[in-house]
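Here is a short briefing on one protein model. It covers accessibility, salt bridges and strand pairing.

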Amino acid sequence: SVSAGYQHSLLCNSAGQVLSFGCGQGGCLGHGDEEDHFFPKHILAVHSSGSTLHGGGGSEASPHFIQVSAGAVHSVMLSTCGAVFTCGYGANGKLGHGDEDNCLLPRRVLLLTGKQVAHVAAASDHTLAMTDGEETFAWGYGRDGCLGVTWPASQGTDFSKVPIALP
């Protein structure tokens, strides 16, 4: 799969490896830094369950990926086992980790553990995931209904830092 964001691009090859290139703002390239890369570079490590996993893809120690999606300054990756990983600029909770911190290495979205995610999509400021049973989750900036839910005025915010199930 391939995906083009605002100033970066992602490639997922047939070996399940993810390559990225372009502007590295916020860590959206997933290489552990914010450096720009002018040529495709393999993402060689991911963060999962408190550990940094190194490798080339396809093993328990390094997930084999099947889909990528590039947002404006964040990236989403889907593994063959249905795990979702995100990295990049974390404003408005668009990474789904429960905070607004930037993430320099792909990190697993833990609240989706146990869900068999089949599709992911990254937009400018929000992210979506759909399971193989068509259960849909959204997180990030929610103004104008882009998360598929109504925000009560009393909430005091218009974003979700964690995945929420859509009705």
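Buried means under 20% relative accessible area, exposed means over 50%, and partly exposed lies in between (1.4 Å probe, protein chains only). The model is predicted: local features need pLDDT of at least 70, side-chain atom pairs count only at pLDDT 80 or more, and totals for chains, interfaces and linings use all residues. Residues are numbered from 1 along each chain as its sequence is written, and side-chain values use heavy atoms, with hydrogens and water left out.

**Overall make-up**
- The protein has zero helices and 14 strands. Both are DSSP runs, numbered from the N terminus: helices are H or I with at least four residues, strands are E with at least two.
- Of the 167 residues in the protein, 46% are buried.
- The protein exposes about 7,700 Å², and carbon and sulfur atoms supply 53% of that area. The areas come from the Shrake-Rupley method with a 1.4 Å probe; for residues, only the protein chains shown count as cover.
- Among contacts with a separation of 6 or more, 43% join residues 24 or more positions apart. A contact means heavy atoms within 4.5 Å.

**Salt bridges**
- Searching the whole structure gives two salt bridges. The criterion is a side-chain nitrogen of Lys or Arg within 4 Å of a carboxyl oxygen of Asp or Glu.
- Asp125 and Lys94 form a salt bridge at 2.9 Å, N to O. This pair links distant parts of the chain, 31 residues apart. Asp125 is in the loop between E11 (117-122) and E12 (126-131), and Lys94 is in the loop between E9 (84-88) and E10 (103-108).
- Lys94 is buried at 0% relative accessible area. Asp125 is partly exposed at 28%.
- Glu135 forms a salt bridge with Lys115, with the closest N and O atoms 3.4 Å apart. This pair also links distant parts of the chain, 20 residues apart. Glu135 is in the loop between E12 and E13 (136-141), and Lys115 is in the loop between E10 and E11.
- Glu135 is partly exposed at 33% relative accessible area. Lys115 is partly exposed at 30%.

**Sheet**
- Four strands make an open antiparallel sheet, ordered E11-E12-E13-E14. Two strands pair if DSSP finds at least two bridges between them.
- E11 and E14 (159-165) are the edge strands, each with a single partner, so one side of each has no neighbour in the sheet.
- Neighbouring strands of this sheet are turned by 10° against each other on average, direction ignored. Axes are lines fitted to C-alpha atoms, for helices over the stretch in contact, and angles run from 0 to 180 degrees between N-to-C directions.
- E13 and E14 pair in the antiparallel sense over four bridges. Phe137 stands opposite Ala165 in E14.
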